[in-house]
Amino acid sequence: MAGGVVAGGVTLGVAELVSLLVSPDSTPLEAVGGWIVDHTPDGFREWVIGLVGTNDKLLLFVSMGVVAVALAVAAGLVEQVRRPFGSALFAVFGLLSTVAALGRPNAAWTWALPSLIGVVAGILMLRSLIEKITALDEVAADDLPTERRQVMRGLAIAGGLALVGGVAGRIIGLRSRDVSAERADVQLPTPTGPEPSVEPGADLKIPGLTPYLTSNSGFYRIDTALTVPQVSKDDWSLRIHGMVDREIRLSYADLTAKTPIERLVTLCCVSNPVGGDLIGNARWLGYRLDELINAAGPHPDADMVLSRSADGFTAGSPLAVLLDGRDAMLAVGMNGEPLPTAHGYPARLVVPGLYGYVSATKWVTELEITRFDRAEAFWTKRGWSAKGPIKTECRIDTPRGGTHAPGKITIAGVAWAQHRGIKGVEVRIDQGDWQPARLAVAPSIDTWVQWAFDWDATGNGPHTIRARATDGTGETQTDQDQDVVPDGATGYPSLTVRIG
Ligand SMILES: Nc1nc2c(c(=O)[nH]1)N[C@H]1C(S)=C(S)[C@@H](COP(=O)(O)O)O[C@H]1N2
Ligand SMILES: [Mo]
């Protein structure tokens, strides 16, 4: 039993050490974890995320650890009774892990090495341990106390070494890649024109209402990578290629020699349910995508930009949207700071008006100019719509449900229809008339807008509050409730309060 655990520890430890030379994403832990995430049915994934929120990745690693120990114990027991079936179990695991590693989005053949070398080391360890243990068992235990103790000590030392080696390998790996120190030293370039100021009237400062600007630490996060990619700006480059007249490759220095723009843009996720909080508004500093792409000379028959990240994520954006004059950018700064590592340091895309999954590629390294009928992006392969324009929506932030005293209650929230802007928000109490809410100042059509409505609450008992927004083109959001799949949730947000 202990033999199996020790051998399992050796496998993972050696694999971690080998991965230092290959890629952090090639370890069995990352590869198998990534495979599991990719093959989890959407419904189950959402149920788990609903339970544990963004601790889902921690939960995954912990459960993988438990399963790994159980497998190792089983392999040890089996090997003891029936050689070489325990070793065979290890080999099967090694092969599965190898296949998982090779199947990762940006894997090279070398990604097989951590699993293979790790599992060979594990099997050798298992066999020699089991041999020793069975040799001992053939003699009565108390006949050979010293030898037995020696073997046990050897076992403990080997296990300890494997554990220390594995943990050290992991820490060294994480440390050596960590870009937080270099990020702290980055000097952001100065944008053209005046800094986009947040006019005082943009924030109604109503208690319970989401602030107009979202802080970097409070900004929602969506990424498929199991660990946050660490990309050094010195290794980073952006390649613009595909259906272009001339391929371009820009280093970080090439980029920052250009003049950036700075804009307020609200980013939101297609997975945001009505009333959800997968949306945030920040001041982004970056380089106009139309200038970068036009410099490469895109072909007239191209209609998609497939952006690819260092971690193999892809997003497909309509080329026409990126070139239509809106402030689509390759962003390097967020709210006056270099991009936080979790938000794409050193560079990511920000496109006003498109959901993140079709546009906002973090740690972006490639823009392939192509066609929607030739290429498919990460989420499109998984059943989400190829195109993802943001739908007009709003949210009620305050009051919260529960019981409230009769009298004046301020109902307030945010509304968004990026790049079309918000023309109005209306509120309806129970079956009453739709009444206009007041709108805060909107510094641009690319951000959300705060709204508020003063309700004179009378009539004890439950009341339902609904809200709906009308975008800058005059179109009111649909009342049809739709789930987030395949292209974003719709429906009026609603809230029930008790007056009394
Ligand atoms: N590399 C990478 N970029 C990505 C994603 C990802 O999983 N990997 N998720 C996308 C999605 S679905 C959204 S909504 C936004 C979220 O950006 P944020 O994490 O900075 O809020 O990033 C987009 N860019
Ligand atoms: Mo998203």
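1. Terms for the voids come first. On a 1 Å grid over the protein atoms alone, a cavity is a set of points where a 1.4 Å probe fits but cannot get out, whereas a pocket is an open set with protein on both sides within 12 Å along at least five of seven lines; a lining residue has an atom within 4 Å of a point. Grid points are joined across faces, edges and corners, and the volume is the space filled by probe spheres set on the points. The general idea is that rolling a probe the size of a water molecule over the atoms shows where empty space is left.

2. On conventions: the model is predicted, with pLDDT of at least 70 needed for local features and 80 or more for side-chain atom pairs, while totals for chains, interfaces and linings use all residues. Residues are numbered from 1 along each chain as its sequence is written, chains are lettered from A and ligands numbered from 1 in the order in which they are written, and side-chain values use heavy atoms, with hydrogens and water left out.

3. The largest cavity holds about 230 Å³ of space. Its lining has 18 residues, and Arg 104, Thr 224, Ala 225, Leu 226 and Asp 311 lie nearest the centre. By class, this lining splits into 8 nonpolar, 5 polar and 5 charged residues (nonpolar: Ala, Val, Leu, Ile, Met, Phe, Trp, Tyr, Cys and Pro; charged: Asp, Glu, Lys and Arg; polar: the others, Gly among them). The largest cavity lies between domain 1 (2-177) and domain 2 (210-382), because both give residues to its lining. Domain bounds come from an automatic or database domain assignment.

4. How many cavities of 30 Å³ or more are there? The count is 2. The second largest cavity has about 100 Å³ of space. Lining this cavity are 14 residues, with Asn 272, Tyr 355, Glu 393, Trp 416 and Ala 489 closest to its centre. The classes are 9 nonpolar, 3 polar and 2 charged. Domain 2 (210-382) and domain 3 (393-499) each supply at least three residues of this lining.

5. Around ligand 1 there are 19 residues, and Tyr 220, Thr 224, His 343, Arg 348 and Lys 362 come nearest (a residue is near if one of its heavy atoms lies within 4 Å). The shell comprises 9 nonpolar, 5 polar and 5 charged residues.

6. Polar contacts to ligand 1 (pairs of N or O atoms within 3.5 Å) include a polar side-chain atom of Lys 362 at 2.5 Å from a ligand oxygen. A polar side-chain atom of Asp 311 is 3.1 Å from a nitrogen of ligand 1, and a polar backbone atom of Ala 360 is 3.0 Å from a ligand nitrogen. The protein buries 99% of the 530 Å² that ligand 1 exposes when taken alone (Shrake-Rupley accessible area, 1.4 Å probe).

7. The second largest pocket has about 1,100 Å³ of space. It is lined by 38 residues, with Leu 12, Leu 29, Met 64, Ala 68 and Phe 93 nearest its centre. By class there are 27 nonpolar, 9 polar and 2 charged residues. At least two lining residues come from each of α1 (2-19), α2 (28-38), α4 (56-81), α5 (85-102) and α7 (145-177); α4 gives the most, with 10. Helices (H or I, at least four residues) and strands (E, at least two) are DSSP runs, numbered from the N terminus.

8. Backbone details worth checking follow. The peptide bond from Tyr 345 to Pro 346 is cis, with omega near 5°, and Pro 346 sits in the loop between β8 (337-338) and β9 (348-350). The bond from Val 485 to Pro 486 is also cis, with omega near 5°; Pro 486 is in the loop between β18 (461-471) and β19 (494-499). His 419, not a glycine, has a positive phi of about 70°.

Note on methods:
A polar contact is a pair of N or O atoms within 3.5 Å; within protein, one must be able to donate a hydrogen and the other to accept it, and residues adjacent in sequence count only if both atoms are side-chain atoms.
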